[in-house]
Structure formats: C-alpha cells, structure tokens
2 protein chains.
Amino acid sequence: MKQTKPLILITNDDGINAPGIHELVNYVKEMGDIVVIAPDAPHSGQSSAISVNKVLQITAHPDYNGARMYSINGTPVDCIKLGIHAIMERRPDLILSGINHGSNSGNSIIYSGTMGAVLEGCMLGIPSIGYSYHSHDQASDISCCAEIVKKITSRVIAGGLPADICLNVNIPKCDKVCGIKTVRAARGYWTEEYAEYTDPHGKPFYWLTGRFHNEEPDNPETDLYWTDRGYASVVPCRPDQSATDMIAGISSLISD
Amino acid sequence: MKQTKPLILITNDDGINAPGIHELVNYVKEMGDIVVIAPDAPHSGQSSAISVNKVLQITAHPDYNGARMYSINGTPVDCIKLGIHAIMERRPDLILSGINHGSNSGNSIIYSGTMGAVLEGCMLGIPSIGYSYHSHDQASDISCCAEIVKKITSRVIAGGLPADICLNVNIPKCDKVCGIKTVRAARGYWTEEYAEYTDPHGKPFYWLTGRFHNEEPDNPETDLYWTDRGYASVVPCRPDQSATDMIAGISSLISD
C-alpha cells in the first residue's frame with residue numbers, strides 16, 4: 001500500500017542536541033514521517049550561510065520518538081541541501097525549523113540560521129515554517145508552544161502555502177499564548193552592539209551583544225507588538241529581496 | 001575648514017587581500033575618503049552571518065592607494081557592524097562591497113557575503129551597493145568594471161538611494177560592457193549540488209558544487225537575461241522579507 005503520510009524534514013540552528021528540536025518532534029510526530037537533519041553544533045546567527053570550501057559529513061544518531069536523526073558538520077542551509085540530496089529518499093512535503101531558543105522577530109530574521117533553513121526550503125518549492133520561542137534559556141519549559149505549533153503545522157499540511165512564501169512564527173515567553181496574529185516584521189535596528197575587552201598585551205577585542213531597538217513599538221501591524229502582548233506572531237516571508245516597485249526609480253537614477 | 005568629502009566604507013567577502021577590493025578602491029578613490037574594513041580570510045557564501053560566540057579582533061594594514069586598510073577575523077556583516085562601532089570616526093556616507101569574484105545574480109544574493117554586508121548597511125540607513133564580476137578567477141582582468149562602478153557610485157553619491165533600498169550590481173565577463181539594465185533577480189534553483197567522495201574508511205563525504213538553473217532565461221525583466229547579453233544588471237533590493245501582500249491570505253489559512 002502506498003505511503004500517504006506527509007514526509008516532514010525538521011532542522012534547527014541550535015544543533016541536533018538542542019531541547020527545542022526534540023520538542024518539535026514531539027509536537028508533530030502524529031502528523032507525518034519525521035526525519036531530523038540538524039547541525040552537529042549550535043549555529044545561531046548563520047543566516048543563509050553555506051559551506052563552500054569545506055568537506056561535509058553526515059552522522060546517523062539513534063532514533064528519537066520515532067524520528068530518524070542525522071547531524072551534519074555544517075550550517076542549517078547545508079542541512080537542507082545535503083539532507084535532501086543524500087539522506088531523504090524523496091523530497092519532503094514539509095520543512096520545519098526550530099524550535100529556536102530566542103526571538104527571530106523584527107529584523108533578526110536576516111541573521112537567523114533557523115530562518116535560513118526555512119527560506120532555503122521555500123526556494124526549493126517546499127512549504128516551510130520556522131518556529132522561535134522568546135527565551136534563550138535552553139532549560140526553560142517550552143510546552144506553551146505545543147498548541148501553536150500543532151495548529152499552524154496542521155493547517156499548512158492541509159492547505160499548503162502560496163508559491164515563494166514561507167512562515168516565520170515567534171512565540172512569546174508566557175504561561176499561555178493568547179492567540180495568533182499574522183503581521184509583518186517590525187522595523188528597527190540593533191544598538192550597543194559590542195562588549196569591549198583588553199587582552200593581556202593591551203590590545204582590544206570585541207564580543208557581539210546589543211539589543212533590538214523597535215522603531216514602531218505601538219504599531220499593531222508588526223510582530224513585536226503582538227509578541228510583547230502574549231500573542232504568537234506569524235510573518236509570511238518571501239526569499240526574493242528584489243524591490244520590483246523600485247526598478248523604475250533606480251533606473252532613472254543611474255541611466256543617462 | 002569642514003571636511004565635506006563623502007566617507008566611503010569598502011568591504012567584501014573575498015577577504016582583505018582579494019584583487020577585487022583593491023580595484024574597487026582604485027575606481028572610487030577620487031570620490032571620497034576611503035576606509036577598507038574586510039574579513040581577514042575569504043568568506044564566500046556567508047550570507048548575513050554574524051559571529052555570535054567568538055572574539056573579534058581588528059588588524060590594521062598599510063594604506064593602499066590612499067585608503068586606510070583594516071581586517072577583522074569575522075564575516076562581512078561583522079566588518080560592517082564592528083567597523084562602524086570601533087574603527088570609523090563617524091557613520092560612513094556610503095558602503096561599497098566587492099568587487100566580488102563570481103556572480104551574485106539570480107537567487108545567489110541570499111547566500112552572498114558581499115550582499116550580506118550591503119543589506120546590513122542598508123538596514124543602518126546608509127546607501128549601500130554590492131559589485132560582483134562574473135569570473136571566479138581572481139587573476140582575471142576586471143578593468144571593464146571601472147566605468148560601471150564609477151558611474152553607479154557617483155550617481156548614488158549625488159542622488160542617494162530610497163529608504164530601505166540597496167543595489168546588487170552584476171557585471172558580465174566581457175571586454176566591454178554594453179550598458180546598464182535595472183531589473184529584478186531571475187527565478188531559479190541550484191542543481192547537482194554535491195560532489196561525492198569516499199574516505200579511506202569507506203564513509204562518504206561531500207563538497208558543495210552545482211549550477212544555477214535559470215527558470216526564466218528569456219525574460220528581459222531579469223538580471224541574468226542581461227548579464228548573459230553583455231550588460232551590467234542592477235537589482236534594487238530590500239532587506240525586509242515580509243510578504244505584506246500575503247498577510248490576509250495567511251491569516252485566513254491559520255485562523256479559526
């Protein structure tokens with residue numbers, strides 16, 4: 001008899017051992033056949049980076065809760081590309097990334113390895129969703145994510161996603177999520193970005209830090225407005241960054 | 001007397017020693033005061049990656065053709081962030097990235113460290129342009145880029161760029177560029193993505209390769225159509241990937 005269960009590829013950027021990826025398996029295991037392919041180590045802030053001059057290797061791990069588990073010594077996008085090329089028997093029907101420990105709201109999506117994997121899946125024509133939980137503490141209880149993850153995942157399995165569109169879901173840190181709001185990313189920028197130190201030879205060195213300054217905290221059209229108020233946010237994203245509405249203006253700027 | 005020359009920050013993803021960054025300095029040195037801040041090693045395929053758990057250090061190098069030169073042991077985006085934080089006396093008026101050896105046409109922009117730096121500059125509100133030349137051979141003569149780089153850079157210095165818009169410029173490999181076309185990125189995907197090997201223990205390993213399959217080679221609205229025909233392409237890009245036109249549709253998909 002033909003296998004009709006959806007084939008779901010799960011990845012993340014916190015690595016194969018992160019609690020969030022195990023929780024994600026737990027939440028969706030009834031919805032399909034699960035294959036987990038994740039980096040062998042944490043890869044936060046890796047965006048859509050790919051390993052262009054490096055040998056990639058695949059390691060099989062013991063099954064977890066019915067899911068086949070593999071790690072790759074690369075980035076989240078490497079996991080999607082090489083996973084589909086060398087591990088999956090067929091193209092997955094769905095790609096899930098997460099559950100990331102830490103926000104990917106506002107412009108954080110552009111740095112996010114979690115969302116790098118999702119954008120990659122989308123460019124391959126596969127419905128893809130990234131889930132992020134607003135606590136960096138990997139020991140924190142993320143069970144409040146279960147209902148949101150199950151609902152959005154099941155809706156996308158049933159209804160699909162439009163071509164070239166993927167989802168960036170952010171879930172606030174709270175006992176009970178109030179609901180789901182579909183919005184755009186809040187505009188803002190990062191401030192106080194580096195801690196500064198001095199090495200034993202008197203030379204400075206730096207460590208990335210900083211916080212996101214939301215330029216529109218009172219705008220209900222944005223993700224952070226709602227996550228700040230206990231709602232999960234869903235931002236539909238498009239990998240292509242071409243600003244087609246600006247082609248005429250730029251053309252007149254640089255043409256003779 | 002007040003200094004009124006534009007302050008230009010130049011970076012790349014091929015590293016501080018790449019010929020393309022020196023050529024870029026040569027082409028624009030009359031247009032402003034130049035500070036070069038680039039990775040200490042090649043960082044192709046780094047996208048908008050940031051170093052989140054790593055010490056960053058700055059190294060000063062001898063001036064090149066009137067430009068101050070610095071390297072950072074990080075990604076192109078690290079160079080923009082830390083460069084502005086710790087090296088530049090004031091915010092640059094313009095950021096240039098390149099000249100990259102290799103195409104950033106089609107969907108390659110999403111993997112490109114060259115364009116990662118440009119998107120970062122754009123999010124900081126600084127007019128930013130990425131230049132890429134369609135040859136991976138770092139020894140190749142790229143003097144045919146000079147006219148295009150000078151023209152576009154001077155036009156942007158004079159006229160600025162719209163808010164939240166940066167430019168991805170691709171220059172074909174040819175003796176003489178036919179002209180400039182402002183367009184969008186061609187749609188496509190990568191095929192045959194990995195070379196496969198077997199290690200001495202009989203275990204497979206992989207090396208990223210592949211080629212871009214252009215889904216619309218006959219569409220004059222796209223960058224690759226024109227670079228294939230000897231023109232430079234300019235794609236206006238927007239860092240924010242929120243698909244605002246899809247919010248209503250996605251909302252109805254996942255709401256009750």
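Modeller: Before we start, contact here means heavy atoms within 4.5 Å. And keep in mind that this is a predicted model.

Colleague: Fine. How many residues does the contact take from chain B and from chain A?

Modeller: It draws 75 residues from chain B and 75 residues from chain A.

Colleague: And how do I read the area buried between chain B and chain A?

Modeller: The size of an interface is often given as the accessible area lost when the parts come together. For chain B and chain A, that comes to about 6,700 Å², with carbon and sulfur atoms giving 59% of it.

Colleague: What about charges: how many salt bridges are there between chain B and chain A?

Modeller: The count is four salt bridges. One to look up joins the side chains of B:E193 and A:K81, at 2.6 Å from N to O. On the polar side, 34 residue pairs are in polar contact across the interface of chain B and chain A, both residues being at pLDDT 80 or more.

Colleague: Which element gives the largest share of the side of chain B that touches chain A?

Modeller: That's helix α2 of chain B (residues 76-87), with six residues. Sorted by class, the side of chain B that touches chain A has 16 charged, 19 polar and 40 nonpolar residues.

Colleague: Now the symmetry. What rotation superposes chain B on chain A?

Modeller: A rotation of 180 degrees, with 0.0 Å of shift along its axis, and the RMSD is 0.0 Å. That is how a two-fold axis relates two copies. Both copies use the same surface, as 100% of the contact residues of chain B recur in chain A.

How values were computed. Residues are numbered from 1 along each chain as its sequence is written. Chains are lettered from A and ligands numbered from 1 in the order in which they are written. This is a predicted model: local features need pLDDT of at least 70, side-chain atom pairs count only at pLDDT 80 or more; totals for chains, interfaces and linings use all residues. Side-chain values use heavy atoms; hydrogens and water are left out. Buried area is the accessible area (1.4 Å probe) that two parts lose on being put together, summed over both. A polar contact is a pair of N or O atoms within 3.5 Å; within protein, one must be able to donate a hydrogen and the other to accept it, and residues adjacent in sequence count only if both atoms are side-chain atoms. Helices (H or I, at least four residues) and strands (E, at least two) are DSSP runs, numbered from the N terminus. Ala, Val, Leu, Ile, Met, Phe, Trp, Tyr, Cys and Pro count as nonpolar, Asp, Glu, Lys and Arg as charged, and the others, Gly among them, as polar. Copies are superposed by least squares on the C-alpha atoms of residues with pLDDT of at least 70 in both.
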